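Open the model in your viewer and keep the selection panel at hand. Each stop names what to pick and what is there.

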Amino acid sequence: MRPPTETVSSNDVMPRQAEVVIIGGGIIGVSTALFLAMSGVPVVLCEKGEIAGEQSSRNWGWVRRMGRDPRELPLIVESIKIWEGLSRTLGEDVGFRQSGIMYACESAEEEAQREDWLKAAGSYRLDTHMIAGQELTDRMPGASKLWRSALYTPSDGRAEPQKAAPAMARAAQRHGAVILQQCAVRGIEKTAGQVTSVVTERGSIECKTVVLAGGIWSTLFCRSLGIRLPQLGVRASVLRTGPLEGPPGAAWTAQFAYRKRLDGGYTIANGSENRAEITPDSFRFFKDFLPLLRIEGRHLQLRFGRPFFDNWRLSRPWTLDEMSPFERVRTLDPDPVEKTLDKAYQALVRVFPQFRETKIAQQWGGMIDAMPDTVPVISPIEDVPGLIVGTGFSGHGFGIGPGAGRLLADLALGRQPIADPSPFRHSRFYDGSAIAPLGGV
Ligand SMILES: Cc1cc2nc3c(=O)[nH]c(=O)nc-3n(C[C@H](O)[C@H](O)[C@H](O)COP(=O)(O)OP(=O)(O)OC[C@H]3O[C@@H](n4cnc5c(N)ncnc54)[C@H](O)[C@@H]3O)c2cc1C
């Protein structure tokens with residue numbers, strides 16, 4: 001089931017030409033469209049379903065620097081600067097509030113891990129610090145449990161996933177971008193190796209540059225072009241409650257995570273358990289993901305079932321004049337794992353009994369596009385001049401989304417990038433680089 005997401009009206013006419021075509025209307029695609037349109041570039045965005053239909057409306061809404069892999073820190077710092085002025089730029093409130101984020105520590109081991117991250121992030125002069133005792137109690141008013149300590153960043157915050165990407169898409173339209181929904185891109189045509197057009201289910205659009213921001217679908221799209229992009233799906237589950245008086249801001253604990261919503265309710269999830277569905281890609285990319293599995297394996301439930309066969313069926317090659325897998329699944333809407341959510345909610349209620357007074361308004365699932373080093377690809381593809389990929393945000397692309405969109409626009413226009421794109425290069429998967437997470441927590 002999809003969370004209630006703001007809608008966007010598609011443009012009536014599909015242009016036959018554009019400077020840049022963007023594939024995918026999640027936060028990455030729409031922010032790229034916004035920055036290109038604001039620079040006066042003719043841009044068309046094609047979305048197979050609806051704007052923010054997949055991950056971008058289903059996430060927790062956390063916008064954080066804290067706990068980031070150090071390679072992402074320069075870009076998330078820029079991204080938060082964009083968030084700070086975003087509601088003003090868009091002319092509508094997308095719920096960005098710097099209401100603080102906290103990672104509660106239960107054990108000495110957890111605490112040491114958080115402190116290590118804090119030391120590593122030292123040069124970025126963040127306002128992150130460890131808290132304990134009364135300060136921690138004050139930040140979790142009403143909690144029946146006292147944690148050992150917490151890593152806390154007052155200036156990190158939140159925004160509303162069901163508002164942000166649609167608002168950015170509408171603003172992009174006002175600046176001249178064309179947004180087409182129910183318009184899957186089946187593939188790309190090239191002349192002498194260079195991109196010359198995209199082929200959609202409604203016909204072709206000539207263009208010199210294509211930005212692929214297809215989330216979990218990017219690997220399949222790339223494979224159809226002979227490009228290897230090691231990315232796997234992780235199913236995460238979320239619930240939201242009705243309005244209530246509860247703790248401010250957002251916090252992660254080993255049993256549950258919460259975030260206060262603009263509508264007065266809370267977005268709740270299990271802080272530690274996600275499900276990795278075994279699919280044919282799990283075997284294709286097994287070696288790439290082995291280092292990550294060794295670190296994160298205990299938080300992942302590996303499951304074999306229907307998704308294996310769905311993925312296998314969808315992966316069969318298609319031609320550009322027949323229906324593609326992207327039209328077969330307009331919106332990927334995985335079921336939430338109720339057991340995982342129930343465990344989290346029960347743990348939350350034990351600590352904050354006032355949650356008993358409200359109803360669980362809704363539950364949903366979302367498929368995270370995970371990379372083997374948990375760092376995205378934001379990069380031109382060397383073998384296909386004209387193609388730029390922005391994907392693999394590994395469960396934290398909402399906060400970094402505006403920064404990533406700005407960086408993708410910079411790469412498309414060949415201008416000074418907002419942050420160094422080299423940590424995000426696609427070639428790291430074949431240039432001999434070591435592929436592993438670098439201490440994000
Ligand atoms: C449960 C959950 C919790 C999360 N919590 C957070 C959080 O608190 N903070 C945070 O920063 N991040 C979080 N994330 C991650 C964040 O949501 C994603 O990283 C981010 O939304 C990715 O945006 P995207 O635009 O790359 O992908 P998506 O939002 O998945 O968008 C990709 C779009 O591309 C479209 N598409 C694909 N192929 C084609 C095609 N061929 N033609 C046309 N359209 C196509 C799809 O339909 C889709 O709409 C969470 C994710 C989940 C699932």
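Select Gly-29, which sits in helix H1, residues 27–38. Helices here are DSSP runs of H or I with at least four residues, strands are E runs of at least two, and both are numbered from the N terminus. This is a predicted model, where local features need pLDDT of at least 70, side-chain atom pairs count only at pLDDT 80 or more, and totals for chains, interfaces and linings use all residues. Residues are numbered from 1 along each chain as its sequence is written, and side-chain values use heavy atoms, with hydrogens and water left out.

Is Gly-29 buried or exposed? Gly-29 counts as buried, because its relative accessibility is 0%. Buried means under 20% relative accessible area, exposed means over 50%, and partly exposed is in between, with a 1.4 Å probe and protein chains only. Now show its surroundings. Not counting residues up to four places away in sequence, Gly-29 touches Ile-22, Gly-24, Leu-45 and Ala-213. Contact means heavy atoms within 4.5 Å.

**The ligand**

- Lys-48: a polar backbone atom is 3.0 Å from a nitrogen atom of the ligand.
- Gln-55: an N or O atom in the side chain is 3.2 Å from an oxygen atom of the ligand.
- Asn-59: an N or O atom in the side chain is 3.1 Å from an oxygen atom of the ligand.

**Arg-259**

Select Arg-259 in strand E15, residues 257–260. Arg-259 has a relative accessible area of 0%, so Arg-259 is buried. Which backbone oxygen lies 2.7 Å from a polar atom of its side chain? That oxygen belongs to Trp-60.

**Two packed helices**

Show helix H3 (residues 73–90) with helix H13 (residues 397–413). Their axes are 7 Å apart and the packing angle is about 95 degrees. H3 is therefore roughly perpendicular to H13. Axes are lines fitted to C-alpha atoms, for helices over the stretch in contact, and angles run from 0 to 180 degrees between N-to-C directions. Angles of 65 to 115 degrees count as roughly perpendicular, under 35 as roughly parallel, over 145 as roughly antiparallel, and the rest as oblique.

Colour the contact residues. H3 brings Leu-75, Ile-76, Ser-79, Ile-82 and Trp-83. From H13, the list includes Phe-398, Gly-399, Pro-402, Arg-406 and Leu-407. The contact of H3 with H13 divides into 9 nonpolar, 4 polar and 1 charged. Ala, Val, Leu, Ile, Met, Phe, Trp, Tyr, Cys and Pro count as nonpolar; Asp, Glu, Lys and Arg count as charged; the others, Gly among them, count as polar.

**Phe-221**

Move to Phe-221 in helix H7, residues 218–224. At 2% relative accessibility, this residue is buried. Beyond neighbours within four places, Phe-221 is in contact with Ile-23, Val-185, Arg-186, Gly-187, Ile-188, Leu-212 and Phe-326. Pro-325 is 104 residues away in sequence, and 9.4 Å away C-alpha to C-alpha.

**Positive phi**

Arg-125 lies in the loop between helix H4 (108–120) and strand E5 (129–131). Its phi is near 50 degrees, a positive value in a residue other than glycine. Arg-125 is exposed, at 76% relative accessibility.

Gln-182 lies in the loop between strand E8 (178–180) and strand E9 (185–191). Phi of Gln-182 is near 50 degrees, a positive value in a non-glycine residue. At 36% relative accessibility, Gln-182 is partly exposed.

Notes. A polar contact is a pair of N or O atoms within 3.5 Å; within protein, one must be able to donate a hydrogen and the other to accept it, and residues adjacent in sequence count only if both atoms are side-chain atoms.
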